[in-house]
There are 2 protein chains.
Amino acid sequence: MPRAGLSTSAVVSAALDVVDEQGIGALTLAAVAARTGVATPSLYKHVGNIAELRDLVGVRVMTEMAEHFGDAVIGRSGDDAVTVLMHTYRDYVREHPARYAAMPTDPLHDPALVEAGTRLLNVFVAVLRGYGLDHSAAIHATRCLRAIGHGFVSIEAGGGFRLAEDLDETYEQLIRMFVASLPHP
Amino acid sequence: MPRAGLSTSAVVSAALDVVDEQGIGALTLAAVAARTGVATPSLYKHVGNIAELRDLVGVRVMTEMAEHFGDAVIGRSGDDAVTVLMHTYRDYVREHPARYAAMPTDPLHDPALVEAGTRLLNVFVAVLRGYGLDHSAAIHATRCLRAIGHGFVSIEAGGGFRLAEDLDETYEQLIRMFVASLPHP
DNA sequence: AGTTCCGGGCTACTATCATTAGCTTTTGGG
DNA sequence: CCCAAAAGCTAATGATAGTAGCCCGGAACT
């Protein structure tokens with residue numbers, strides 16, 4: 001019988017499929033093995049253990065987000081860039097809620113995780129370039145933007161906003177609130 | 001030999017201790033059983049299964065937060081109430097990061113969860129009373145406040161802000177940003 | 001073409017955990 | 001004092017992570 005022809009990358013892709021289809025809680029080596037048509041122990045040839053697989057999934061998701069967001073804001077600047085970044089962020093999470101939940105919430109121990117996280121962070125930093133913020137102010141503003149985006153988007157993805165009121169409007173209001181706090185010439 | 005004298009509430013308390021000491025990932029029936037000095041299957045006399053135990057822990061945490069936050073803002077109003085609520089929120093999560101992570105992030109299926117969630121939400125609603133917001137505006141503002149608080153606090157608890165810049169200042173800035181968006185006479 | 005050898009996949013096994021079944025015993029109310 | 005319900009226990013099952021060690025497919029090299 002022919003081989004499955006797996007690789008670490010293929011295993012991570014299968015893991016992402018499992019996450020997308022059945023949620024982060026269903027990400028087990030058994031599920032990934034079933035999906036790749038291989039016995040569970042065979043996966044250990046490609047990933048060290050399940051914690052490492054989760055890290056690799058996290059890296060993949062963060063890298064994907066960084067690229068996607070970067071593409072969206074390229075060629076834009078100022079309020080336009082901020083607004084587009086936030087909308088792209090929200091749209092991504094609505095399309096892939098489970099994937100977003102697969103991002104690590106604890107300190108990034110693995111260097112690869114740090115690297116991917118930095119790339120993602122840099123999109124937020126870049127979008128605030130051009131407002132003339134000094135080093136310290138830029139850091140605070142970046143943190144605010146992250147907090148606002150992550151807060152809204154994670155509550156929304158978890159079904160945390162339960163009233164009928166239009167969510168688009170709430171999000172616009174948040175963005176306006178942030179933009180208004182930035183210096184404008 | 002005497003009985004352990006457990007109860008559902010005592011089991012939940014032990015579960016909270018496990019969470020506080022070893023993190024949400026260590027919350028297993030085995031760990032709770034060890035801590036209460038009982039065999040694992042005995043716990044089923046008090047909780048239906050581990051998913052129910054997690055829900056009960058979530059309810060306990062949300063109830064505790066609602067009470068704690070409510071106490072903090074009582075007798076206050078306006079910007080003062082908002083500011084105190086946000087600081088109390090942040091302080092709570094810094095003191096009990098694992099407990100905060102034990103709050104459910106998915107839709108609140110259990111009615112008890114909904115009830116506790118509503119009590120917690122009501123503190124946020126209450127703090128915005130007095131700004132003269134109409135029904136719809138109050139909902140949007142409440143959502144913004146939740147998003148800002150949850151976003152910052154969960155990133156901080158996860159060690160997500162890694163630069164040396166003062167976090168207190170970032171948080172103040174976020175609060176100011178929100179307060180500035182509210183109508184002031 | 002034949003041979004080698006390494007890596008990828010497999011089976012078998014262990015340990016931990018959730019959960020069920022069914023037995024024993026404490027204990028509080030008649 | 002008795003007895004039934006509640007609370008605990010042991011034993012067993014099934015899922016999952018992880019380890020050890022075997023085997024074979026196929027590329028590389030004569």
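The sections below treat the model, its chains, its helix packing and its contacts in turn.

## Model and conventions

This is a predicted model, in which local features need pLDDT of at least 70 and side-chain atom pairs count only at pLDDT 80 or more, whereas totals for chains, interfaces and linings use all residues. Residues are numbered from 1 along each chain as its sequence is written, and chains are lettered from A and ligands numbered from 1 in the order in which they are written.

## Fold of chain A

Chain A has eight helices and zero strands, helices being DSSP runs of H or I with at least four residues and strands being runs of E with at least two, numbered from the N terminus. Read from the N terminus, the order of elements is α-α-α-α-α-α-α-α. The C-alpha trace of chain A spans about 70 × 40 × 30 Å along its principal axes.

Of the 185 residues in chain A, 35% count as buried; a residue is buried if 20 or more other C-beta atoms lie within 10 Å of its own, exposed if 12 or fewer, and partly exposed in between, with C-beta atoms placed from the backbone. Among the contacts in chain A with a separation of 6 or more, 63% join residues 24 or more positions apart. Two residues are in contact if their C-beta atoms, placed from the backbone, lie within 7 Å.

## Nonpolar core

The largest nonpolar core contains 92 residues, and Ala15(A) and Ala15(B) have the most contacts inside it. Such a core is a set of buried Ala, Val, Leu, Ile, Met, Phe, Trp, Tyr and Cys residues joined through C-beta atoms within 7 Å. Not counting residues up to four places away in sequence, Ala15(B) touches Leu27(B), Val32(B), Leu53(B) and Val57(B).

## Helix packing

Two packed helices are described by the angle between their axes and the distance between the axes. Axes here are lines fitted to C-alpha atoms, for helices over the stretch in contact, and angles run from 0 to 180 degrees between N-to-C directions. In chain A, helix α3 (residues 50-73) packs on helix α4 (residues 78-95) at an angle of about 140 degrees, with the axes 9 Å apart. The crossing of α3(A) and α4(A) is right-handed; a crossing is right-handed if the near helix is turned clockwise from the far one by less than a right angle, and left-handed if anticlockwise. Residues of α3(A) in this contact include Met65(A), His68(A) and Phe69(A), and those of α4(A) include Tyr89(A) and Tyr92(A). By class, the contact of α3(A) with α4(A) has nine nonpolar, two polar and no charged residues. Ala, Val, Leu, Ile, Met, Phe, Trp, Tyr, Cys and Pro count as nonpolar, Asp, Glu, Lys and Arg as charged, and the others, Gly among them, as polar.

In chain B, α4(B) and helix α8 (residues 167-180) have axes that come within 11 Å and cross at roughly 145 degrees, in a right-handed crossing. Asp79(B), Val82(B), Thr83(B), Met86(B) and Arg90(B) of α4(B) meet Tyr171(B), Ile175(B) and Val179(B) of α8(B). These residues divide into five nonpolar, one polar and two charged.

## A residue of α3 in chain B

Val73(B) lies in helix α3 of chain B and counts as partly exposed because it has 19 C-beta neighbours inside 10 Å. Leaving aside neighbours within four places in sequence, Val73(B) is in contact with Ala81(B), Val84(B), Leu85(B), Val123(B) and Val127(B). The C-alpha atoms of Val73(B) and Leu85(B), twelve residues apart along the chain, are separated by 6.1 Å.

## Contact between chains A and B

The contact takes 27 residues from chain A and 27 residues from chain B. On the side of chain A, α7 (135-157) and α8 (167-180) each supply at least two residues, and α7(A) gives the most, with twelve residues. The residues of that side divide into twelve nonpolar, ten polar and five charged.

## Surfaces near the DNA strands

Around DNA strand C there are 19 residues, of which Ser42(A), Thr28(B), Leu29(B), Pro41(B) and Asn49(B) come nearest. A residue is near a strand if its C-beta atom, placed from the backbone, lies within 6 Å of it. The surface near DNA strand C comprises eleven nonpolar, five polar and three charged residues.

DNA strand D is surrounded by 20 residues, the closest being Thr28(A), Leu29(A), Pro41(A), Asn49(A) and Ala39(B). The elements giving two or more residues to this surface are α2 (29-36) and α3 of chain A. By class, the surface near DNA strand D has twelve nonpolar, five polar and three charged residues.
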